[in-house]
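Subject: Structure handover and findings

Hello,

Here is the structure I promised to pass on. Please load it first, then read the notes below alongside it.

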Amino acid sequence: MNPMESVTASVAKLLNQCCLTKDEGLLVALSGGVDSVALLTAVVEWSKQITRPPRIEAFHMHHGFRGEEADRDARFCFQLCQKFNIPLHLVHENLSLKLGTGQPSLETLSRNQRRFHFEQIANARRCSFVLLGHHADDQAETVLGNLLRGCGLKGLSAMHPVSQLGSAKVQLLRPFLDCRKQVLKDYLDHKGLTGLEDSSNNSSQHRRNRLRHQVIPALLEESPEWITHMNRLASEMQDRKSTRLNSSH
């Protein structure tokens, strides 16, 4: 399967299982990065191939820091949604005002606030699912980060393709967990599209960035299939967890 087919197939595989109707909505998290742009593009492409497509809407959060770069991201997401003729929910919140002693890190705070707004908007717009662009490289990083924190089996299962978002009415979908980031880049190249780079992803201040730029390249030198191995481990742990839950009922 070529990159173009694998990306659209990953989206179709997960969304076709959801039995969506045209009265329901999908809310796509759109940061402007390669993964989220590929996700929105593939979801729009999928919707054109089915007879009763659901509503597609997008969400972008301006976190109130990164200055002009953050403004650029918001403009880019707005223009992309105009191109696809879908509505964009843009939330601007200055998270730097909420930082302080005893508070979560900026990275954790940003994630928590995004999830809060995901749920609020999804419920208001009758969107049963929120789609995220996490891919196989992200999954491998998550497994490694959890291992370094001394996790148990739950941590090894990392991110699930389908998980609950607060309210029982909304679920998170991650259709790209079986796709490498390079495949998503190739997909966008084929479509004549691109994604933006977040300069904060190069900062060594965040541990995930240190793992991505320092530790993981060394691991890939030792084992070129390391990312595949980590993803296989996460999938196996998810299967074991599911089996254990089913056997207890």
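Helices here are DSSP runs of H or I with at least four residues, numbered from the N terminus. Please keep in mind that this is a predicted model.

**The second largest pocket**

I started with the second largest pocket. It holds about 450 Å³ of space. Its lining counts 22 residues. Nearest the centre of that pocket are Pro161, Pro175, Leu177, Asp178 and Ser235.

Which helices each supply at least two residues of this lining? They are H1 (3-16), H5 (136-148) and H9 (226-248). H9 gives the largest share, with seven residues. By class, the lining of this pocket splits into ten nonpolar, seven polar and five charged residues.

**Salt bridges**

Next, the charged pairs. The structure has nine salt bridges.

- Glu57 pairs with Arg125, at 2.7 Å. This pair links distant parts of the chain, 68 residues apart. Glu57 sits in strand S2 (residues 55-62), while Arg125 is in the loop between helix H4 (106-124) and strand S4 (127-131). Glu57 is buried, at 1% relative accessible area. Arg125 is partly exposed, at 37%. A network of salt bridges links Arg55, Glu57 and Arg125.
- Asp137 pairs with Arg180, at 2.9 Å. Asp137 belongs to helix H5 and Arg180 to the loop between strand S6 (167-173) and helix H7 (181-191), so this bridge ties together parts 43 residues apart in sequence. Asp137 counts as buried, with 15% relative accessibility. Arg180 is partly exposed, with a relative accessible area of 35%.
- Arg72 pairs with Asp73, at 2.7 Å. Arg72 counts as partly exposed, with 27% relative accessibility. Asp73 counts as buried, with 6%.

The cut-off behind these labels: a residue under 20% relative accessible area is buried, and one over 50% is exposed. Asp137 is therefore buried at 15%, while Arg72 at 27% is partly exposed.

**Helix H7**

What are the buried residues of H7? They are Leu184, Tyr187 and Leu188. Seen down the axis of H7, these residues fall within an arc of 95°, so they line one face of the helix. Just after H7, Gly192 takes a positive phi of about 75°.

**Leu39**

Leu39 is in helix H2 (residues 34-47). Is Leu39 buried or exposed? Leu39 is buried, with a relative accessible area of 0%.

Leaving out residues up to four places away in sequence, Leu39 touches Val11, Val28, Leu131, Leu132, Gly133, Pro175 and Phe176. Val11 is 28 residues from Leu39 along the chain, and their C-alpha atoms are 7.9 Å apart. Pro175, one of the contacts of Leu39, is also among the residues nearest the centre of the second largest pocket.

Best regards

Methods
Residues are numbered from 1 along each chain as its sequence is written. This is a predicted model: local features need pLDDT of at least 70, side-chain atom pairs count only at pLDDT 80 or more; totals for chains, interfaces and linings use all residues. Side-chain values use heavy atoms; hydrogens and water are left out. On a 1 Å grid over the protein atoms alone, a cavity is a set of points where a 1.4 Å probe fits but cannot get out, and a pocket is an open set with protein on both sides within 12 Å along at least five of seven lines; lining residues have an atom within 4 Å of a point. Grid points are joined across faces, edges and corners, and a volume is the space filled by probe spheres set on the points. Ala, Val, Leu, Ile, Met, Phe, Trp, Tyr, Cys and Pro count as nonpolar, Asp, Glu, Lys and Arg as charged, and the others, Gly among them, as polar. A salt bridge is a side-chain nitrogen of Lys or Arg within 4 Å of a carboxyl oxygen of Asp or Glu. Buried means under 20% relative accessible area, exposed over 50%, partly exposed in between (1.4 Å probe, protein chains only). The arc is that of the directions from the helix axis to the C-beta atoms. Contact means heavy atoms within 4.5 Å.
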